[in-house]
Amino acid sequence: MNQRLVAHRVSFAYDPQTPVFQNIDATIESGRIAAIVGPNGAGKSTLLRVLSGLLRPVTGTVMLNDKPLHGLHAIDRARLIAFLPQIINPAFALKVSEVVSMGRYPHMGAFATLSPHDRNVVERCLHDTETYELRSRDFMTLSGGERQRVLVASILAQEPELLLLDEPTSALDLHHAHEVFVLLRRLAGDGYGIAVVTHDLNLAARFCDHLLLMSQTHQGLLADGPPECVLTEELLSRAYAASINVCAHPITGSPLVTAEADTLERSR
Amino acid sequence: MKPTMSRTRIIFALVFITGAIGVASLLIGTETLSPEQAWAEWQSGRPIRECPTLSILFYQRLPRTLTAWLAGSALALVGCAFQALLRNPLATPYTLGIASAGALGAWVATVFIQGTVLWVTVWTFSPIQASAFVFASLNALFIYLLAARNPRMAPSVLLLTGVTLGMLCNAGILFLRYLAAPDRLVVMDRWLMGGVDVVGFDIVRTLLIGLTPCAILLLAQSAKLDQLGFGTELAASRGVHVGRLQAVVFFVGSLMTALVASTVGPIGFVGLIVPHSVRAITGSRHRILMPVSLFCGGAFLCFCDIIARRLLTGETPIGIITSLFGGPFFLYLLTRKRFTDWET
Ligand SMILES: Nc1ncnc2c1ncn2[C@@H]1O[C@H](COP(=O)(O)OP(=O)(O)OP(=O)(O)O)[C@@H](O)[C@H]1O
Ligand SMILES: [Mg+2]
C-alpha cells in the first residue's frame, strides 16, 4: 500500500523561548528517498522525532495517510514507521542476532517467541547489511561501524513501510556507507518510503530523490527539492555559513560538494 | 537467536534443583527429620498435630521453605526488573531505599506501640510488619512523585531520589535507636538481620496472594524491558509506552519489595547476585533471564535457609548467610565472566 507521511507547517521548540524550527512542510512517501541535511544543531534529529511521532509538534500537523499520526496506536504506528535514533547506548550485553530480533517486537505479543517467519526476516536483514558473519558476536564488542550496521538491520527487521534514519552512515567506511545507500535505493524500489539524515551530501546527491536543507539561522527549511536544485553553492554557503563549492562529479555527473575548496592555505 | 544454553535443559535443571532443595529444606533443620518416620506417622492416620515429625514438617518446615522460596524468587525477579529500569547493574530491590523505609516503619512500631498492642495482628501481619509495609509503600509513592516532577524522569533521577530517601530513613532509624529502650534494641537488631522462621501459613498466604499477580505482571513486561535497554527513543518508536512501563515496573517491584522486606527483613543482596549469576548463563534477554532468576532466587534463599538452620546450634539469621555465602560466590563469578560489558 502507498504510504504518505506529511508534515504540514510544523513548528517545534524544546523550550518555548527558542524554537528549533518553524512552519516546515515535508512529505515522506513510498518509493522515494528524502535526505534531511544541514549543519549541526539545525534541527534534523528533532524533525525526525516529530515525523516519527515521538515528539508532538507545537503547531502544525503530522498526518499519516491523511489521518493524524497521534491518533494511531503506538504498536500500529511501529508496524508502519521505524525510527533509528542518532545515538543508542545499550544498557546490557546482547548478541547481534538478539539485537536484530528485537526489531520484531511490534509484530510479537508480550510472551510470543520468534516464529520461523520472524527468524527468516532477521536472517535476511543480517544478510542485507552484511552483518550475518557477526550474528553470534556480543554487540558491545563490535566496532562503531559494525554496531551501526547491526542497528540498521534491527530497524529493517521491524518491516515497516516508512523508514526514518538518523545518520545511519555516520560511522561507516566508504564502501559500507555506499552499500547502505544502495540498500536504501533498493528498498525504495520495493516500495519503502525513506527519510535519512546525513552529513554526506555527495551520497545524498547520488541516491536521494529529494533534499531538505535545514538551517538553524532560518529556523526551518532553507531549501527543498531535487539534489541539483538544493546543492548549489549559494544555498549551501548560506546554510553552513562557510564557503562551499559544488561541481559535477567527473564520473557520475551528480553534484560534488567540497567545503572551503578555494581556501589556498593548506593545513599541512 | 539461540540462547546460550538450550531452553529445555535450563528448565529441566531448574525444576530438579528447586525440587531437590525444597525436599532438603523440609528434612534438614535443627533436627533432621527422617522420611520413614514421617511416612509411618502419615500411615497411622492420627491428626497431624499429634504426630511429632509431621507437625514439624507441616507447621514449621513447609511454611518456612515456602516463605524462603517466595521471598527469594521475588527479590531476584525485582532485581532483574530494577536493573533494567534503572539501567544500572548495581540496582537491587533495596537500592531505592524501600527496605530502609520498611525498617524505619518496623522501628516506629517497636518504639511507639506499647504493651499488648504489639502482639495484635493486622490481617496476617504483626503491627511491626504492617508498619514496615506501610512505610515502605509510602516511600515508593514518595520517590515516584518526587522523581516524576523532574521534566525528564531519567533513571538516574529515580535512583538518586530513592537512595537519598533511603538515607533519610536510615538517619531516622539511628535517631530511634538513640531514643529506644535497650531491650527493644535487641528485638530490632534481630529483625534487621532478616529471617524466614515463620510458623503456620498466614505469612505464606499473604506472600503468595500478594506476590503472584505482581510477578506475573513483571514477567509480562520482559520484552518491553529488552527494548528499554536500547534507550527510550528506540523503545518508544517500537510501540513501548515508556512512561507507563517505568511506572508499572517501579510500583509493582516496590510493592513486592515492601511485602518481602516487611515479612522477612532486609536480605536484598539476593536481588543483586542471583540476576547477575543467571545473566552469565542465559544472556540478558529478559524473557529468559527473568523466569530463570525467579527460580534460582527461590532455590538460593531456600539453600541459605538450610545453612542458617545447620551452621550453629541455634539459628543464624538468614541475612548474614546470604551475604556470607553469596558474596564470595559472586566475587568468584566476577573474576570468571566478562561483567565489564555493561554500560550505564
Ligand atoms: N532534548 C533537548 N532539549 C533541549 N534542547 C535540545 C534537545 N535536543 C536538541 N536540542 C537542541 O535543539 C537544536 C536542534 O537539535 P538537533 O539534535 O535536532 O540537531 P541536528 O540537526 O540533529 O544536529 P546534528 O547534526 O549535530 O545531529 C539544537 O540547538 C539542540 O541543542
Ligand atoms: Mg542529529
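User: How many salt bridges does a search of the whole structure find?

Analyst: The search finds 13 salt bridges over all chains. Keep in mind that this is a predicted model.

User: What is the idea behind such a pair?

Analyst: Side chains of opposite charge can pair when their charged atoms come close. Now take a case here. Glu29(A) forms a salt bridge with Arg4(A), and their closest N and O atoms are 3.2 Å apart. This pair links distant parts of the chain: Glu29(A) sits in strand S2 of chain A and Arg4(A) in strand S1 (residues 4-15), 25 residues apart.

User: Which residues are linked in a network of salt bridges?

Analyst: The network links Arg104(A), Asp118(A), Arg124(A) and Glu159(A). Follow Glu159(A). Its side chain meets that of Arg104(A) in a salt bridge, at 3.2 Å from N to O. The two come from distant parts of the chain, 55 residues apart: Glu159(A) is in the loop between helix H5 (144-156) and S7, and Arg104(A) is in the loop between H3 and helix H4 (116-128).

User: And where does Arg124(A) come in?

Analyst: Arg124(A) is in helix H4 of chain A, 35 residues from Glu159(A). Their side chains meet in a salt bridge of 3.5 Å, N to O.

User: Let us turn to the metal. Which protein atoms are the donors of the magnesium ion?

Analyst: Look for protein atoms beside the ion. The donors of the magnesium ion (ligand 2) are OG of Ser45(A) and OE1 of Gln86(A), lying 1.9 to 2.1 Å from it. Again, distant parts of the chain are linked: Ser45(A) is in helix H1 (residues 44-52), and Gln86(A) is in the loop between strand S6 (81-84) and helix H3 (96-101), 41 residues apart. Ser45(A) counts as buried because its relative accessibility is 14%. Gln86(A) is at 39%, so it counts as partly exposed.

User: In which sense do S6(A) and S7 of chain A pair?

Analyst: In the parallel sense, over four bridges; S7 spans residues 162-166. Phe83(A) stands opposite Leu164(A) in S7(A).

User: Which residues other than glycine have a positive phi?

Analyst: Two cases to look at. Asn23(A) has a positive phi of about 50 degrees although it is not a glycine. Asn23(A) lies in strand S2 of chain A. Ala241(A) has a phi near 50 degrees. Ala241(A) is in the loop between helix H9 (233-240) and strand S11 (244-248). Asn23(A) is partly exposed, because its relative accessibility is 40%. Ala241(A) is at 70%, so it is exposed.

User: What about surface patches? Which residues form the nonpolar patch?

Analyst: Move to chain B. Met193(B), Leu311(B), Leu312(B), Ile320(B), Leu324(B) and Phe325(B) form the patch, with about 530 Å² of accessible area together. Phe325(B) is in helix H14 (residues 318-336). At 37% relative accessible area, Phe325(B) is partly exposed.

User: Last, the whole of chain A. How does its radius of gyration compare with that of a compact globule?

Analyst: The two agree: a compact globule of 268 residues would have a radius near 18 Å, and chain A has 19 Å. Its C-alpha atoms fill a box of roughly 60 × 45 × 35 Å along the principal axes. Of its 268 residues, 51% count as buried. Its secondary structure comes to nine helices and twelve strands.

Key. Residues numbered from 1 in each chain as written. Chains lettered and ligands numbered in written order. Predicted model: local features only at pLDDT ≥ 70, side-chain atom pairs only at ≥ 80, totals over all residues. Heavy atoms only, no water. Patch = residues over 30% accessible without salt bridge, like charges linked within 9 Å, V, L, I, M, F, W, Y side chains within 5 Å. Areas by Shrake-Rupley, 256 points an atom, 1.4 Å probe, with all protein chains shown as cover. Salt bridge = Lys/Arg side-chain N within 4 Å of Asp/Glu carboxyl O. Buried < 20%, exposed > 50% of the residue type's maximum accessible area, 1.4 Å probe, protein only. Donors = N, O, S within 2.8 Å, 3.2 Å for Na, K, Ca; no water. Pairing = 2+ DSSP bridges. Rg over C-alpha atoms; globule rule 2.2 N^0.38 Å.
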